[in-house]
Amino acid sequence: MAERRPDRWLGPGHHQEFWDWCAKGELRLQRCASCGGISWPVVNTCEFCGSDTLAWEAMSGRGTITSWCTFERDYYRGMLPIPWDTILVELEEGPLFLSNPKGFSWKDITVGMPVKLAFIECEDSGGTYQLPVFEKA
Ligand SMILES: [Zn+2]
């Protein structure tokens, strides 16, 4: 069953392409053909050089936790169970990716802890979607 979540940001640009790749079980971010940089969050032009020659590249799904935060306040009126853990993952390819832990909590986290990509089915007002999360590697 899909987890109910607050609405995603589905702004202009390439956001739908990101979610389309997630639906296929792939975490893909935009790599620039001009400078090689990987932009994240989704951009219309490279965040490093401004080029618009971007291609969606599959990430390995491996990374390490660089930071985390636990929310103990109910910001979403009961939609999300509290305490609510978020993690900052440094992907093997470099970008920092804000996500949620799957199968563990802040009590288990150490800086540099290896994690691997997983997906969970979620739902918001836009429908169901696959959310990239991370579990212990
Ligand atoms: Zn670039």
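Rings of Phe, Tyr and Trp (its six-membered ring) pair if their centres lie within 6.5 Å, with planes under 30 degrees apart counted as stacked, over 60 as edge-to-face and the rest as tilted. By this definition Phe18, Trp19, Trp40, Phe97, Tyr129 and Phe134 form one aromatic cluster.

The model is predicted, so that local features need pLDDT of at least 70 and side-chain atom pairs count only at pLDDT 80 or more, while totals for chains, interfaces and linings use all residues. Residues are numbered from 1 along each chain as its sequence is written, and side-chain values use heavy atoms, with hydrogens and water left out.

| Pair | Centre distance | Plane angle | Class |
|---|---|---|---|
| Phe18 and Trp19 | 5.0 Å | 80 degrees | edge-to-face |
| Trp19 and Tyr129 | 5.1 Å | 75 degrees | edge-to-face |

The pair of Trp19, in helix H1 (residues 15–23), and Tyr129, in strand S9 (residues 127–136), links parts of the chain 110 residues apart; helices (H or I, at least four residues) and strands (E, at least two) are DSSP runs, numbered from the N terminus. Phe18 is buried at 3% relative accessibility, and Trp19 is buried at 13%, where buried means under 20% relative accessible area, exposed over 50% and partly exposed in between (1.4 Å probe, protein chains only).

Elsewhere, the zinc ion has as its protein donors Cys32 (SG), Cys35 (SG), Cys46 (SG) and Cys49 (SG), at 2.3 to 2.4 Å; donors are N, O and S atoms within 2.8 Å of the metal (3.2 Å for Na, K and Ca), and water is not among the atoms, so sites may look incomplete. Cys46 is buried, with a relative accessible area of 4%, whereas Cys49 is partly exposed at 41%.
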